[in-house]
Amino acid sequence: MSLRFVLFLAGAGVLLPMVAMSDDLTRDAAVDRTLASNPTLQAARAAIGAAEQQAKLEGMRPPLTVGAELENFAGTGSLSGLDSAETTVRLGRTFELGGKREARLAVGGARVAQQKHDAALARLDLEAATKRRFNAVLAKQARVDMTTRQLALVREIREAVAYRVRRGASPDADLPLADLGVVRAEIDLEGAEHELSSARVALSVLWGAETPAFTRATGSIEDISVLPSFDALRQRVPQGADQRRFELEAQLLEAQLKSAETTAKADVAGTLGVRRLEAFDDEALVLSFSMPIGLSDRSELARSRVRAEQSGLNERRKAAELERYSSLFSSYEELKHAQHEYEALKERMVPAAERALALAQRGYDDARYSFLQVAQARGVLHSLQNERIAAATRYHDLLTDIERTTATFGVSAP
């Protein structure tokens, strides 16, 4: 049996028929499952509810107060006992002036908006994580498929070598080398299979499933899309979801500044009560008012603090935008390199290795080359095929990272 004929069968798919799989999982379906069931998003939704309740609490008006006093009792002489006691029951309230309640409501609303934005960022992070793990499943599937074909091929080659050895057409040393190739392929396949199992679990736990409920991830890791324009990506950085966090922080500081301004105007606390005078057996109304003084200094200090934070925020925003630009540029350059590497492997290196293997096999069939040269050529081809899968995986992971960096959205609950 010719080695060229064996390789023709393997390339034609005769040695490894493809079986239709059910319960396939698409990338979009994986993302939908994660966003529907991930515990992190459930916690984020609860945090939004807590922030909303806290905002309502801080926006409540000052409560009514009830008090009582007992004077001129348990003294000496005419003031002994309760005969001359004066009992007062009061009902009081603080009247806020200067729009303090409205200012507190604005601060609470800004904090709720921040919490919603944080939840939306967590949603984006989980979406990106799901895509990366889905990419890993696709890559491991490709490696299992390739290694399975490789094992079927080396087993057929081993039988072909054994046939030639029995006929005396090849030296006896070729058979142990062929056996080693089979063992190595079996080990490679076992490793690829357990890596695929781990990748499947890593993906499914994102939606809370310890056991994957899908048979196979749909798609190919080698589906390389058209490279996006860097200029278009760059323009999205200032409006990106992460930069939006600074806008919301600025809104919160503005609300805090207005709240600090309202504290310059004093509130009025008033009480109205009824006093019982036991000595005269009469009752009378008691009315009192009070208000703090010297609040302007406190208000100015609070406003100065907020202004300092506003100044720092602007600088932090600039620094973050520059850092994101640097990260985007670096990722984009790596993306271009990954695409170039993949294309070089697919279009030049792997085909060259296939030709080298074919020539080595032809020389072996013609008794001009040793089987060791065939094994080396096959090893080079297998290594390059692995590198091709790795380059495609890096491309998709980098593309996912770039999509996350340049993501934009409005503020909304997840």
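Okay, let's start with K100, whose side chain makes a polar contact of 2.8 Å with the side chain of D267. By polar contact I mean a pair of N or O atoms within 3.5 Å; within protein, one must be able to donate a hydrogen and the other to accept it, and residues adjacent in sequence count only if both atoms are side-chain atoms. Quick caveat before I go on: this is a predicted model, where local features need pLDDT of at least 70 and side-chain atom pairs count only at pLDDT 80 or more, while totals for chains, interfaces and linings use all residues. Residues are numbered from 1 along each chain as its sequence is written, and side-chain values use heavy atoms, with hydrogens and water left out.

Back to K100. A polar atom of its side chain also lies 2.7 Å from the backbone oxygen of L97. If you skip residues up to four places away in sequence, K100 touches T262, T263, K265, A266 and D267, with contact meaning heavy atoms within 4.5 Å. Is K100 buried or exposed? K100 is buried, at a relative accessible area of 10%. The cut-offs there: buried is under 20% relative accessible area, exposed is over 50%, and partly exposed is in between, with a 1.4 Å probe and protein chains only.

K100 sits in helix α4. Helices here are DSSP runs (H or I, at least four residues), strands are too (E, at least two), and both are numbered from the N terminus. So how does α4 pack with helix α7, residues 241-262? The angle is about 165° and the axes are 8 Å apart, which makes α4 roughly antiparallel to α7. Axes are lines fitted to C-alpha atoms, for helices over the stretch in contact, and angles run from 0 to 180 degrees between N-to-C directions; over 145 counts as roughly antiparallel. The α4 and α7 crossing is left-handed, as in the near helix being turned anticlockwise from the far one by less than a right angle.

Now, charges. Side chains of opposite charge can pair when their charged atoms come close. How many salt bridges does a search of the whole structure find? It finds 28, each being a side-chain nitrogen of Lys or Arg within 4 Å of a carboxyl oxygen of Asp or Glu.

E127 is partly exposed at 23%, and K131 is buried at 18%.

D145 pairs with R216, and there the closest N and O atoms are 2.5 Å apart. That one links distant parts of the chain: D145 is in helix α4 and R216 in strand β4 (residues 216-217), 71 residues apart. R216 is partly exposed, at 26%.

R303 is buried at 18%, and E300 is partly exposed at 34%. There's also a salt-bridge network linking D125, D242, R324 and R404.

Last thing, a backbone one. Most residues other than glycine have a negative phi. A367 isn't glycine, yet its phi is positive, near 65°. Where does A367 lie? In the loop between α8 (296-365) and α9 (371-405), and A367 is exposed at 59%.

Terms used:
Angles under 35 degrees count as roughly parallel, over 145 as roughly antiparallel, 65 to 115 as roughly perpendicular and the rest as oblique.
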